[in-house]
Amino acid sequence: MEQTPGGRTGPPSTPRTAVIWSVLRAELDRRAGDRLTVLDVGGGTGGFAVPLAQAGHRVTVVDASPDALAALTRRAAEAGVAQGVRAVQGDGDALAGLVEPASVDLVLCHSVLEVVDDPAPVVSALVTALRPGGAASVLVAGRAAAVFGRAMNGHLALAAALAADPTGAAGPRDTLRRRYDADRAAALLTAGGLVVEEIHGVRVLADLIPAAVADGQSTALVELERALAARPPYRDLAAQLHLFARRPA
Ligand SMILES: C[S@@+](CC[C@H](N)C(=O)[O-])C[C@H]1O[C@@H](n2cnc3c(N)ncnc32)[C@H](O)[C@@H]1O
């Protein structure tokens, strides 16, 4: 475990999470001393929820999967923060009734908007849950990395389809319903009523380099990911795009 600047514990830095935690820590530091109400929509097994509870915040995870919520509950208990994590089965676009409107300081929605039927109602529900001035951490799949990935594996027709498809999906066998370019992701949040403050690329390089290099030079890789994350064109080639946005006060 590593210490945050505020002295709170957090998970080890990995290329998958380091950039996101850097952004979240800035918000947590800004609110240092406050016990935040956090909502993690589609939070799964609690990779972010449990460390946030360990840092002293009150976290509700709303997820459609009972199995994921059971794993989350076990993980929270093992980490000694069962009291700080509430697991709720539900749908991301139907938060009313599960979460008090305008009650949440920080909402997370990571790797969800690319799998739901329709992302706009989910964004709208996130905004309704947020207090004015509250922040949203949204992680979506990037389109450009997927185009490159298909092409580099020899699937040129799929790469072409993915590049041309308005939603950034590649046919019926695609595991995701959509992928985003930075502009389109920002437009989705803006249309929902959020003000986008920062956009970072997550896994700019991590998926492209051999595993032996990633494992052997993990600290250097995390540093490089951090250095490139906010800088186009590197940012826009990342496997995922992280948007940090705020409901206007
Ligand atoms: C790819 S996982 C991401 C989990 C976690 N946010 C993370 O980043 O590790 C997607 C999660 O979203 C949940 N999910 C999918 N559709 C949902 C919906 N409509 N409402 C709530 N959760 C949903 C799934 O059950 C799953 O746990």
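User: I'd like to learn helix packing first. Does α4 pass α7 in a left-handed or a right-handed crossing?

Analyst: α4 passes α7 in a right-handed crossing. A crossing is left-handed if the near helix is turned anticlockwise from the far one by less than a right angle, and right-handed if clockwise. Do keep in mind that this is a predicted model, in which local features need pLDDT of at least 70 and side-chain atom pairs count only at pLDDT 80 or more, while totals for chains, interfaces and linings use all residues. Residues are numbered from 1 along each chain as its sequence is written, and side-chain values use heavy atoms, with hydrogens and water left out.

User: What angle and what distance go with α4 and α7?

Analyst: α4 and α7 (residues 182-192) pack at an angle of about 55 degrees, and their axes are 9 Å apart. Axes are lines fitted to C-alpha atoms, for helices over the stretch in contact, and angles run from 0 to 180 degrees between N-to-C directions. α4 and α7 are therefore oblique to each other (under 35 degrees is roughly parallel, over 145 roughly antiparallel, 65 to 115 roughly perpendicular, the rest oblique). The names come from DSSP runs, numbered from the N terminus: helices are H or I with at least four residues, strands are E with at least two.

User: Which residues of α4 and α7 meet?

Analyst: From α4 come Pro119, Ala120, Val123 and Val127, and they meet Leu188, Leu189 and Gly192 of α7 (contact means heavy atoms within 4.5 Å). By class, this contact of α4 with α7 has six nonpolar residues, one polar and no charged. Here Ala, Val, Leu, Ile, Met, Phe, Trp, Tyr, Cys and Pro count as nonpolar, Asp, Glu, Lys and Arg as charged, and the others, Gly among them, as polar.

User: How do the axes of α5 and α6 cross?

Analyst: The axes of α5 and α6 (residues 156-164) come within 7 Å and cross at roughly 165 degrees. That makes α5 roughly antiparallel to α6, and α5 passes α6 in a left-handed crossing. On the α5 side, the contact is made by Arg143, Ala146, Val147, Arg150 and Ala151. On the α6 side, Leu156, Leu158, Ala159, Leu162, Ala163 and Ala164 take part. The residues of this contact of α5 with α6 divide into nine nonpolar, no polar and two charged.

User: And at what angle do α1 and α9 pack?

Analyst: α1 (residues 18-30) and α9 pack at about 60 degrees with axes 9 Å apart. α1 is therefore oblique to α9, and the crossing of α1 and α9 is right-handed. Ala18, Val19 and Ser22 of α1 make the contact with Val222, Glu225 and Arg226 of α9. In the contact of α1 with α9 there are three nonpolar residues, one polar and two charged.

User: Now the pockets, please. How much space lies in the largest pocket?

Analyst: Rolling a probe the size of a water molecule over the atoms shows where empty space is left. The largest pocket holds about 580 Å³ of space. Of its 31 lining residues, Arg16, Arg203, Asp207, Ala239 and Gln240 are the closest to its centre. A pocket is an open set of points on a 1 Å grid over the protein atoms alone, where a 1.4 Å probe fits, with protein on both sides within 12 Å along at least five of seven lines; lining residues have an atom within 4 Å of a point. Points are joined across faces, edges and corners, and a volume is the space filled by probe spheres set on them.

User: Which element gives the largest share of that pocket's lining?

Analyst: α5 does, with five residues. The lining of the largest pocket has twelve nonpolar, 13 polar and six charged residues.

User: Which peptide bond is cis, and where is Pro233?

Analyst: Most peptide bonds are trans. The bond from Pro232 to Pro233 is cis, with omega near 5 degrees, and Pro233 is found in the loop between α9 (218-228) and β9 (240-246).
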